[in-house]
Amino acid sequence: MAGIGTEALDGFNTLVFGSLEFLFRYLPLFLLIFCLIPQKARCFWLLAYSLLLYWAGEPWYVFLLVGMAAVNYLFGLSLDRRKRPEEADETAEDAEGVRRWLTGEARPEGEWKELFVREAHAEPDDRNRRLLFVLALFCNLFLLSWFKWNNAFDKSYLLPVGLSFYTFKNLSYLIDVYRGETAAERSPVRFGAYLCMFPQIVSGPIMRYREAAGELSFERGISLYRLESGTKRIVAGLAAKVLIADRLAILWNDLQTVGFESISTPLAWLGAAGYSLQLYFDFWGYSLIAVGIGEIIGLPVIRNFHHPYASRSVSEFYRRWHMTLGSFFRDYVYIPLGGNRKGRGRTACNLLAVWLLTGLWHGNSVNFLLWGFALGVFIVLERLALRPFLEKHCLLSHLYVLLVIPLTWMVFAIPSLREMGIYFLRLFPLAGRPETVNPGDFLKELRSFAPTLLIAAVFCVPAVGRWCERHKNDTAVIAALFALFWLAVYQMANAVNNPFMYANF
Amino acid sequence: MKLLKRCPLAVLLAVSALALTAVAFANRNGIYREYGNGKNTAPALAMVFEGAKDGVFPWSPDGGDMPAMADAAAESGSPDGGSAAAHPGGPDGGFPEGAGLMPEAGGTAANAPEEEAERQTAEALEEAADGPDGGEIPDRASEGAESEASGETDPGAGVPYGTEGTSEAEAQPQTPEDGDEDVTWDFVQVDASYLDDALFIGDSRTQGLFEYGGLEDHATFFCKTSLTIYDLFKNELAFIKTDAGSQTLTQALSERQYGKIYLMLGINEMGTGTPESFFTEYAKAVMQIRQLQPDAILFVQGIMHVAAKKNASDPIFNNFNIDVRNVEIQTLEDKRDIFYLDVNEVVCDENGNLFDGWSFDQVHLKGKYYQVWKDFLLQHGIVREQEGNGN
């Protein structure tokens, strides 16, 4: 995802799950010591180790991470209404009002006015609390925007690793604490571990604090069941990433090497399909590894992908794709804006706003805005008109998703509008075929990538996923995972010494 | 046992990882001594997998079938050493750490004793001279290599582009055995039918010319991604696909005679050996082609440059190192049977980098720019029968 790609790379591979160093050094060392030390020290170990790994890759930005953890820890404590139980009654009414406003239950019009009126008449303490809340949100959003803004104009200005993700973790924490949906974390170590934990720092999933709060003390101890289950997730994720996504990345690279103006129309479609699958297996694989590590140490298992390509509408696709980000925008932006409770026009505006923000979050170039906008338009159309049709026609709805999503991924993938235009003219050759197109390119690439594309497509089918889940303890499945792991390692080992894996001359 | 029963995958992975690490450590000075060196920070067990790619397994005997390291091979000065040097990265264009032409490679070229360079070339040419026209190759212009190696990185300034810069020695080749006098030929504009009896030999860049140059109905192409001069005539490398099956280059060149042969190789070899070991192999290959195709006009093409970003950041694949080799390739030109073409004249900017935007990966031209290469070739045809063209 662009969330990964635009951020600084890690020179020592300390945070790169698909690196041999991480798999055979950093991860085993962490787990070994995690198991050996007393339960009370485990959270501290997770925090310390996470910061160490982050520091090895980002020697300066680690201070930003620590600073943001400290600031948000303090904000959380200050915002926590539960810390003063004796005052709970006094603020309950306000809290309910704010909650209704935030969740869109407040009256359709005048909620801003209502807020300000309440603000003006609020007790100093509550007013301070709200101001503090706004300040806390501002700090986090300002930092994210500042880095993204600078990066937009100067690509050499790299974003700190994981900034987009840990900012969203912070925001969800602050909002939940402010709403009273969770108590603030009293322990700086536990809060730091929640925010900085290395399995999630680079690319999520955006685990809510309230989902993890109960597990951050690691009181459940080490379980052999979770060790095995987490290991299986890690191996499956690694195979998805290394054997499928990295392989398909070569196809997309080939298209770019040839230049979009010289690819045939069938190859343009093959490229769109390949890129769509590459993105999915890359990010899904990454998420599986992240969740697998979390599962081994006792964190909740968070589902970030749920067979998105089996969806029957774009809305459904994004309920199944990067689910923690989707639910973040739903809970903290869409519903507070009024959700779908304020009429069709307002719903459409809310959806478009959410999707423009989603686009911006993914990257700061025009194509991401366009991507978000396009998705917003499709989702609005579905909401306003298409939904009954899609629900009625099973096959057509699947085809619709499998057509629209790869096309939107092309907008996502190609930063230059000019290049994007060229690509779409190759997908839809309205201007005829340029002279420099090699008509045989499709078959050549298909011969190379058909097996990988086929395997990838098979694993997009929910029934296949369910079968794997059901048979995950079968000897054959375990043997297959064992073989896949070492096959992936073989690929990785030889890619290390081959900087031109994507481009043999 | 309980552990194995409860978490078989985790246990199996841990045990196998430890076993492979032990194997790697035990053999790190044996069969794996050439792996995992240099800046490679990968864990020890990676060596086992790197070795497996080259066909080196824990049970492989130490010694005989070990891929030789390029540096060692190059130092030996033997042409065969150069050939062995092509092994380590395998046919995928990979280069083992330390095996390449490292930043100091320019220095290596500059500091190499002239006698040594001459001796290597002489060896190669001696071997090659067995062919019918073997004696035609002029003395290698080692002074050209020397001046280039010590020059600046600006290829535009450093390389005598075009034909004007050819030395006196090249303009006056030795009298050939067939009594053709000392006639040389100049380039003329030709049309695509000129290439009807042409053969192109090269790596993925020539493959690109085949796919996007629009020459598929005219010329024959023997090319393969990551093909190197060291592999070119290898018996086990049957990279030429024909209706009858796969053929080696020797077989293919023995079966049919071509009127013109275009050769562009050299970018994949840059991480292997030295400019000298490369040139030795190159000269051998050219002579071998001449033996098999005595009537063909042979066009040795200078290696195409890389784009600016790669040139500035890559210690191996940069235009300086390319030009060191190109100067050597150019010395093979006799303007009678062997002609040197440098497509960099038309695909590079004033700094000698591939034009901005002409390459995505900094190495290959984008599809539509292969036309420029094709046009360049058509502007540089040699028509030996043409009256009055001889000098």
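User: Which domains is chain A divided into?

Analyst: Chain A splits into domain 1 (2-221), domain 2 (223-305 + 440-505) and domain 3 (316-436). These bounds come from an automatic or database domain assignment. This is a predicted model, where local features need pLDDT of at least 70, side-chain atom pairs count only at pLDDT 80 or more, and totals for chains, interfaces and linings use all residues. Residues are numbered from 1 along each chain as its sequence is written, with chains lettered from A and ligands numbered from 1 in the order in which they are written.

User: How many residues does the contact take from domain 1 and from domain 3 of chain A?

Analyst: 19 residues from domain 1 of chain A and 17 residues from domain 3 of chain A. Two residues are in contact if their C-beta atoms, placed from the backbone, lie within 7 Å.

User: Which elements give two or more residues on the domain 1 side?

Analyst: On the side of domain 1 of chain A that touches domain 3 of chain A, they are helix H1 (2-5), helix H7 (124-153) and helix H8 (163-179) of chain A. H8(A) gives the most to that side, with five residues. Helices (H or I, at least four residues) and strands (E, at least two) are DSSP runs, numbered from the N terminus.

User: And by class?

Analyst: That side of domain 1 has 10 nonpolar, eight polar and one charged residues. Ala, Val, Leu, Ile, Met, Phe, Trp, Tyr, Cys and Pro count as nonpolar, Asp, Glu, Lys and Arg as charged, and the others, Gly among them, as polar.

User: How many helices and strands in chain A?

Analyst: Chain A has 22 helices and zero strands.

User: Which residues touch the most other members of the largest nonpolar core?

Analyst: Leu174(A), Cys196(A) and Ile201(A), out of 149 residues in that core. Helix H13 (residues 265-297) of chain A gives the most to this core, with 19 residues. A nonpolar core is a set of buried Ala, Val, Leu, Ile, Met, Phe, Trp, Tyr and Cys residues joined through C-beta atoms within 7 Å. A residue is buried if 20 or more other C-beta atoms lie within 10 Å of its own, with C-beta atoms placed from the backbone.

User: What is Cys196(A) in contact with, leaving aside neighbours within four places in sequence?

Analyst: Leu47(A), Ser50(A), Leu51(A), Tyr54(A), Leu65(A), Ala69(A) and Ile201(A).

Note on methods
Buried ≥ 20, exposed ≤ 12 C-beta atoms within 10 Å, placed from the backbone.
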